[in-house]
Amino acid sequence: AEAMTLVNEGATPQQVDKVPTDLGYPMGQFAMSDLAGIDVGYRIREERRNAGEQVAPSWMDKLAEQNRLGQKTMAGVYKYEEGSRNPVPDAEVERIIEDFRKEQDISSREITDQEILERCMYVMVNEAAKILEEGIAARPLDVDVIWIYGYGFPVYRGGILFWADSVGLKTIYDKVSQIHQETGSDTWKPAALLEKLAKEGKGFYS
């Protein structure tokens, strides 16, 4: 959701994808969408709309409607050369995104790599803190093992909560609080555990 919002607000898909790959992920959100197939998410959104749910419009819908379904059609968020799985930025997609911004009356702005890192990673740290609070996971290591083996988090960074400790929980808490105040989104409401540890100067592993 944050990756989509960042593109809506002015980033390019390749910029959003570059940040997690620079961190050590094998691929970014939009390359992953092309690998999985854009039609999968599109069908889910259409079923929800048909059931009467309020589902926000998306420029990804426009890709699906143009049969840009990802790697299997050699065009999705990116385009692909014959025999290659390497994503290539596509000016046509940038035009579709720009048209979508105009339709939605969104003013494009410059977005830094640091903002992308904070918006895409800190929200997940906050959610992981909630998972620990609620007893869904017993300890930080359980969360980190799932992130490494299930979601491709770079092994050498130790998992998302180990990484969060290296960044500093006060840094993350302050930014999460700021975004929550700016957006009012429940997603960004700081987890009680994150707030407690940040104010005590501790980390998840301490």
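The questions and answers that follow concern a predicted model.

Q: Why is the pair of Phe-30 and Trp-59 called tilted?
A: The ring centres of Phe-30 and Trp-59 are 5.7 Å apart, and a pair needs centres within 6.5 Å. Their planes stand at 40°; planes under 30 degrees apart would count as stacked and over 60 as edge-to-face.

Q: What parts of the chain does the pair of Phe-30 and Trp-59 tie together?
A: Phe-30 belongs to helix α3 (residues 29–36) and Trp-59 to helix α5 (residues 59–65). The two parts are 29 residues apart in sequence. Both Phe-30 and Trp-59 are buried.

Q: Why is the pair of Tyr-122 and Trp-163 called tilted?
A: The centres of these two rings lie 6.3 Å apart, with the planes at 50°. Tyr-122 sits in helix α7 (residues 113–133) and Trp-163 in helix α9 (residues 160–167), 41 residues apart. By this rule the count comes to 5 aromatic pairs.

Q: How do you know whether Tyr-122 is buried or exposed?
A: Its relative accessibility is 3%, and buried means under 20%. Tyr-122 therefore counts as buried.

Q: What value decides the label of Trp-163?
A: Trp-163 has a relative accessible area of 6%. This is under 20%, so Trp-163 is buried.

Q: Which residues touch the most other members of the largest nonpolar core?
A: They are Phe-30, Trp-59, Met-121, Leu-194 and Phe-204, in a core of 56 residues. The largest share of this core, 10 residues, comes from α7. In soluble globular proteins, nonpolar side chains tend to be buried together.

Q: Which residues does Trp-59 touch?
A: Leaving out residues up to four places away in sequence, the contacts of Trp-59 are Met-4, Val-7, Asn-8, Pro-13, Phe-30, Val-77, Val-93, Ile-96, Ile-97 and Phe-100.

Q: What makes the nonpolar surface patch?
A: Leu-141, Val-145, Tyr-149, Phe-162 and Tyr-205 make this patch of about 540 Å². Helix α8 (residues 140–151) gives the most, with 3 residues.

Q: Why is Tyr-149 called exposed?
A: Tyr-149, which lies in helix α8, has a relative accessibility of 72%. Exposed means over 50%, so Tyr-149 counts as exposed.

Q: What is noted about the phi of Met-74?
A: Phi of Met-74 is near 65°, a positive value in a residue other than glycine. Met-74 is in the loop between α5 and α6 (91–103). Its relative accessible area is 32%, between the cut-offs of 20% and 50%, so Met-74 is partly exposed.

Q: How do you know the label of Asp-105?
A: Asp-105 has a relative accessible area of 69%. That is over 50%, so Asp-105 is exposed. This residue lies in the loop between α6 and α7, and has a positive phi of about 60° although it is not a glycine.

Q: What makes Glu-92 and Arg-95 a salt bridge?
A: The closest N and O atoms of Glu-92 and Arg-95 are 2.5 Å apart, and the rule asks for a distance within 4 Å. Both residues lie in helix α6, 3 residues apart, about one turn of the helix. Side chains of opposite charge can pair when their charged atoms come close.

Q: Why do Lys-175 and Glu-118 count as a salt bridge?
A: The distance from N to O is 3.6 Å. That is within 4 Å, so the pair of Lys-175 and Glu-118 meets the rule. Lys-175 lies in helix α10 (residues 169–183) and Glu-118 in helix α7, so the pair ties together parts that are 57 residues apart in sequence. Glu-118 has a relative accessible area of 13% and is buried.

Q: How many salt bridges does the rule give?
A: The count comes to 24 salt bridges. Glu-2, Glu-9, Arg-109, Glu-115 and Arg-119 are linked in a network of salt bridges.

Conventions
Residues are numbered from 1 along each chain as its sequence is written. This is a predicted model: local features need pLDDT of at least 70, side-chain atom pairs count only at pLDDT 80 or more; totals for chains, interfaces and linings use all residues. Side-chain values use heavy atoms; hydrogens and water are left out. Rings of Phe, Tyr and Trp (its six-membered ring) pair if their centres lie within 6.5 Å; planes under 30 degrees apart count as stacked, over 60 as edge-to-face and the rest as tilted. Helices (H or I, at least four residues) and strands (E, at least two) are DSSP runs, numbered from the N terminus. Buried means under 20% relative accessible area, exposed over 50%, partly exposed in between (1.4 Å probe, protein chains only). A nonpolar core is a set of buried Ala, Val, Leu, Ile, Met, Phe, Trp, Tyr and Cys residues joined through side-chain atoms within 4.5 Å. Contact means heavy atoms within 4.5 Å. Patches are made of residues with over 30% relative accessible area and no salt bridge: like charges are joined within 9 Å, nonpolar side chains (Val, Leu, Ile, Met, Phe, Trp, Tyr) within 5 Å. Accessible areas come from the Shrake-Rupley method with a 1.4 Å probe; for residues, only the protein chains shown count as cover. A salt bridge is a side-chain nitrogen of Lys or Arg within 4 Å of a carboxyl oxygen of Asp or Glu.
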